[in-house]
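Please consult the sequence and the coordinates alongside the text.

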Amino acid sequence: MDGNFGLVNAGVYKVYNPHNPRTFQWSGGIQAIASYGKSGNAFLSDAYIAARIGKLEILAGQKNNVVGLMDTTMTSGSLSVAGNSRPFPRVQISLPEYLPLYFTKNFLAFKFSYSEGYLGSSNLNYGVEREVSYTYFHQKSLYLRFGPESGRLKIYVGANHQAVWGGEEKITPLYKLEPLDAYWHTISGKTLNYKKVGNHFGTVDLGAEWRGKTWSYFVYRQNIYETGSLFRIINFDDGLNGVRIKRIKPLPAGSKSFALQSFLLEAIGTNSQTNKSPLSGLAIYEKGNYYNSYIYQRGWSYFSRGIGTPLAPASGITRPTLPVNGSEFTNNNRFWAFHTGITATWQKTYFGLRGTYSRNSGSLLSPFDSLAEQVSLALTAEKNIKLLNGCSVFSNLTTDFGHLYPTSHGLIIGLRKSGFLD
């Protein structure tokens, strides 16, 4: 945020061999990121070890994670856990790839994940104690795919559930809630004195993909649920909607002509934050106040940066003239945003353009006096060269202008090398 004069991102990974017939395989990785500007900064992003037994994977450590249906390469960011959020330590058991059910003749496949993560200490918004020394991040997901892997049409449906919890013996001392009891309340959604234990957030996702001879077409929807019951009431107004078109037929070898590779359009809305009866339209339960928590000041964050969509930023990076409430992580979780991404190739060079336009209204406790409009743009170019036995040079030009963030511009020029060490 203060500007960088240099940035280094380096990692070493042991990956699974898809052609290895062994039932047991292991993988691992470590990635370090360092920057130098007005001050230096360095940290580990990925640092994990994993083992796969057949299709089942067990992972320990911190690894980049994305939750939800979307196009992961160009999206504005998943609502629950976005790909640009900083990984936190966790233990996870999962089926990371869709497993066909043979008794359905591979028409139905599923994947799932279940993990427990550690976020560290957190300040509290109320109670005798003002801080708990530990908070955890519970996450689980289940997704189904209808249609064989080789088929042209696939339908996706699934849901994910996340919760920040921990320190209940200090938060609710009168109930003498032991950690195991608090954990059960968290994962099951069971209420305590008519309230949920922990800060919950999740989405119910739907998607469909059609694969033609040259292009694939993918549409998806992430529908938010937070307060109230997932199985009784759903907030139909808020969510992420997206459509992506992607080239799947390779271009002729050596082609230098201009060619569109992919296109994405998303519309994201979070203004309602109210569960309503689909029959009467009456509001049920209180406002959601997404990504904030009435218990934990950290809200939906790790190292003071958001875990969910980047469109709900930390209060500290918005314009200093905008309202802020000390009990909230973000002062802008009510917005409408339109996001697009385009990639193309020309003269053996990759080009990418991403743009976001948002109309921001603030948060439940920090409403803006008027709509704060914001535009963010990023233009990328990358070309392969023969240096170092094959690498690429790239540049990235970005700009933010509007009334949500301070006006800023950035330019990156860099060198990227990836591949096998042997």
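Which residue's side chain meets that of Glu 373 in a salt bridge? The partner is Arg 359, at 3.2 Å from N to O. A salt bridge is here a side-chain nitrogen of Lys or Arg within 4 Å of a carboxyl oxygen of Asp or Glu. This pair links distant parts of the chain, with Glu 373 in strand 21 and Arg 359 in strand 20 (residues 349–362), 14 residues apart.

The model is predicted, so local features require pLDDT of at least 70 and side-chain atom pairs pLDDT 80 or more, while totals for chains, interfaces and linings use all residues. Residues are numbered from 1 along each chain as its sequence is written, and side-chain values use heavy atoms, with hydrogens and water left out. Helices (H or I, at least four residues) and strands (E, at least two) are DSSP runs numbered from the N terminus.

**Salt bridges**

Five salt bridges are found in a search of the whole structure. The pairs described individually are listed below.

| Pair | Distance, N to O |
|---|---|
| Arg 145 and Glu 149 | 2.7 Å |
| Glu 373 and Arg 359 | 3.2 Å |
| Arg 416 and Glu 382 | 2.8 Å |

Arg 416 in strand 23 and Glu 382 in strand 21 are 34 residues apart, and their pair also links distant parts of the chain.

The burial of the paired residues is given by relative accessible area: buried means under 20%, exposed over 50%, and partly exposed in between (1.4 Å probe, protein chains only). Arg 145 is buried because its value is 4%, whereas Glu 149, at 53%, is exposed. Glu 373 is partly exposed at 34%, as is Arg 359 at 33%. Arg 416 is partly exposed, with a relative accessible area of 39%.

**Surface patches**

Patches are made of residues with over 30% relative accessible area and no salt bridge; like charges are joined within 9 Å, and nonpolar side chains (Val, Leu, Ile, Met, Phe, Trp, Tyr) within 5 Å. Accessible areas come from the Shrake-Rupley method with a 1.4 Å probe, and for residues only the protein chains shown count as cover.

A nonpolar surface patch of about 920 Å² is made by Phe 258, Leu 260, Ile 342, Trp 346, Leu 353, Leu 379, Leu 397, Leu 411 and Ile 413. Strand 19 (335–346) and strand 23 (408–416) are the elements that give two or more residues to this patch. Trp 346 lies in strand 19 and is partly exposed because its relative accessibility is 43%.

A patch of positive charge on the surface gathers Lys 256, Lys 348, Lys 383 and Lys 386. Lys and Arg count as positive and Asp and Glu as negative, while His and the chain ends are not counted. The place of a charge is taken as NZ of Lys, CZ of Arg, CG of Asp or CD of Glu. Lys 383 belongs to strand 21 (residues 367–385) and is partly exposed, with 33% relative accessibility.

**Helix 2**

In helix 2 (residues 179–188), the buried residues are Ala 182, His 185, Thr 186 and Ile 187. Their cover includes strand 6 (108–123), strand 7 (131–146), strand 8 (153–165), helix 1 (168–171), strand 9 (191–192) and strand 11 (199–211). Gly 189 follows helix 2 and has a positive phi, near 80°.

Contact means heavy atoms within 4.5 Å. Glu 226 is placed in the loop between strand 12 (215–225) and strand 13 (239–247). Is Glu 226 buried or exposed? Glu 226 counts as buried because its relative accessibility is 12%. Neighbours within four places in sequence aside, Glu 226 is in contact with Asn 199, His 200, Phe 201, Gly 288, Asn 289, Tyr 290 and Tyr 291.

Leu 365 occupies the loop between strand 20 and strand 21 and is partly exposed, at 46% relative accessibility. Not counting residues up to four places away in sequence, Leu 365 touches Asn 325, Ser 327 and Glu 328. Leu 365 and Asn 332 are 33 residues apart in sequence, with a C-alpha to C-alpha separation of 9.8 Å in space.

Ser 418, in the segment after strand 23, counts as exposed because its relative accessibility is 64%. Ser 418 and Ala 10 are 408 residues apart in sequence, yet 9.5 Å apart in space, C-alpha to C-alpha.
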